[in-house]
Amino acid sequence: MWLNTTTSSFLLTGFPGMEKAHHWISIPLLMVYISILLGNGTLLFLIRDDHNLHEPMYYFLAMLAATDLGVTLTTMPTVLGVLWLNHRKIGHGACFTQAYLIHTLSIVESGVLLAMAYDRFIAIRNPLRYTSILTNTRVLKIGMGVLTRASLSIMPIIIRLHWFPYCRSHVLSHAFCLHQDVIKLACADITFNRLYPVVVVFAMVLLDFFIISFSYIFILKTVTGIASGDERAKALNTCVSHICCILVFYVTVVGLTFIHRFGKHAPHVVHITMSYIYFLFPPFMNPVIYSIKTKQIQRGIIRLFSLPHTRA
């Protein structure tokens, strides 16, 4: 029997077979969510409030923090709704919107990491022209370009979800909506929706990674040409935080891809856990990395949380 796409809902899923433990599982997840909100929220506040951080490098960091907040705020309501209240129903419109935001923000994160690599490339290869090349207007255009690229590239497959009849089980395998989950329930020709995301991943995420890699090859070539050892160390140190964020993001992407492609016989809870790691680990780690490795951010945090009498 076919489901009516205008009135029916999908059912979200928490951790199958572990329903009695959902409240306990929600505790560490909630702590991670709160940490992500506080960490990335603090970065955004510091960059807005501290004039010493009004530089292209930190504007791109603000874009990364905003993207991480977006991913968290998009997934958190339905995840906690399932784990706390067993609220599993989600309408088609809400589901497709959530899937659109999740996948768009994933592409945005890759694009922001690429923009940050360009920032480091200019800062090290052409330091005297750094501020004249990366003006505020150009940074804003890059940010808008990253957002536009992601939002337009994901739109075709999400629009098609509204046209499909859903005649199979309406139970999704996660506590949030993903495109690859939804199309499994469609009773229609989903060839385009299967192939197009592969093209997007290859054309954007993998291409971004290769461009980032090549940019760091040129950066290393420039750094090795610097005579002073202290200057070489200082130049490389400005890249360490970004490199760590790249590794965190792409390692989780590769891990999730391997689980989906080669872990078909792995327990379903492994797939679910890996999905949570993919969506939560980078947003959790990025502010930690920049707080530990970037002195300007450290000073801003100390200034923010210092008591009034210690500032005097």
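Residues are numbered from 1 along each chain as its sequence is written. In this predicted model, local features need pLDDT of at least 70, side-chain atom pairs count only at pLDDT 80 or more, totals for chains, interfaces and linings use all residues, and side-chain values use heavy atoms, with hydrogens and water left out.

Phe10 belongs to strand 1 (residues 9-11), while Tyr166 sits in the loop between helix 5 (136-161) and helix 6 (179-182), 156 residues apart; helices (H or I, at least four residues) and strands (E, at least two) are DSSP runs, numbered from the N terminus. Both Phe10 and Tyr166 are buried (under 20% relative accessible area, with a 1.4 Å probe and protein chains only; exposed is over 50% and partly exposed in between).

Phe176 and Tyr276 also pair edge-to-face, because their planes lie at 80°, with ring centres 5.6 Å apart. Both residues, Phe176 and Tyr276, are buried. Together with Phe15, Tyr278 and Phe279, they form one aromatic cluster.

As for confidence, the mean pLDDT (the predictor's confidence in each residue, from 0 to 100) of the protein is 89, and 95% of its residues reach 70 or more.

Terms used: Phe/Tyr/Trp six-rings, centres within 6.5 Å; stacked < 30°, edge-to-face > 60°.
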